[in-house]
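Please keep the sequence and the structure in view while reading.

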Amino acid sequence: GIPEVVVEVNEEEITREEFISAYEGQFQLAVMQSQMMGQELDQDQLKVQIAESMVGTELLMQEAANRNYDASEESINQTLDELVAQNGMESKEEFLAALEQQGMDEENVMSELANQVKITALIEAEAGDLTPTDEELQQAYDQMTAQQQRGEDEAEMPSFDEMKPNLEEQIMMQKEQEVVM
């Protein structure tokens, strides 16, 4: 029941295909997170969150374009290197091959990375450095541990070091959301 055009943002359309791609990309992660928290996944809420996120991203892209932000090849490659490391991959080629198995070809990946670089530049211009402190990371980990203990999930919580890349990403996204809102 998803319309062909999910939403229009300043005359730019977010299509059903784009929405479904984003949803499928987030669904597995959302399932794992809800299992870790001992909660059931609310798919309707996930759909709303993804649509809102896509609108926010489109607005950021439009503002980055208005301010003439550009993504250099060096910045794109640096972001790609960071993603390779965060995902525990050995090389860019391995990372790109994994994404291709999920249906994203290299051209799409590089386009998305360019968008991410532009948005990051815009957000940093507005908010400064978004890198989480060690204290913020530990606090987020402690909160996750406490939530898991309150839930019914008996699975062992991954160590802080195992969770650190995910926590960094999560905190940076939260900080970005605070700037965007």
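A residue counts as buried when its relative accessible area is under 20%, as exposed when that area is over 50%, and as partly exposed in between. The model discussed here is a predicted one.

**Two asparagines in loops**

With the cut-off for exposure in mind, Asn 68 is an exposed residue because its relative accessibility is 64%. Asn 68 belongs to the loop between α2 (43–66) and α3 (73–86). Its backbone deserves attention as well: the phi angle of Asn 68 is near 60°, which is a positive value in a residue other than glycine.

A pair of aromatic rings is described by the distance of the centres and the angle of the planes. The structure holds three aromatic pairs, and two of them are set out in the table.

| Aromatic pair | Centre to centre | Angle between planes | Arrangement |
|---|---|---|---|
| Phe 19 and Tyr 23 | 6.4 Å | 20° | stacked |
| Tyr 23 and Phe 27 | 5.7 Å | 35° | tilted |

Why is the first of these pairs called stacked? Planes under 30 degrees apart count as stacked, and the planes of Phe 19 and Tyr 23 are 20° apart.

Phe 19 and Tyr 23 are four residues apart in helix α1 (residues 16–37), so about one helical turn separates them. Tyr 23 and Phe 27 are likewise four residues apart in helix α1, and therefore about one helical turn lies between them. Together, Phe 19, Tyr 23 and Phe 27 form one aromatic cluster.

How accessible are the members of this cluster? Phe 19 and Tyr 23 are both buried; for Tyr 23, the relative accessibility is 13%. Phe 27, by contrast, is partly exposed, because its relative accessible area is 23%.

In helix α4 (residues 92–101), the residues Phe 95, Leu 96 and Leu 99 are buried. They cover an arc of only 95° around the axis, and therefore they lie on the same side of α4. Which residues are exposed on the other side of α4? They are Glu 93, Glu 100 and Gln 101. The cover over the buried residues of α4 includes α3 and α5 (106–127). After α4 comes Gly 103, which has a positive phi near 95°.

Thr 79 is part of helix α3. Its relative accessibility is 13%, so Thr 79 counts as buried. Leaving aside residues up to four places away in sequence, Thr 79 touches Leu 113, Gln 116 and Val 117.

Notes:
Residues numbered from 1 in each chain as written. Predicted model: local features only at pLDDT ≥ 70, side-chain atom pairs only at ≥ 80, totals over all residues. Heavy atoms only, no water. Buried < 20%, exposed > 50% of the residue type's maximum accessible area, 1.4 Å probe, protein only. Phe/Tyr/Trp six-rings, centres within 6.5 Å; stacked < 30°, edge-to-face > 60°. Contact = heavy atoms within 4.5 Å. Arc of directions from axis to C-beta.
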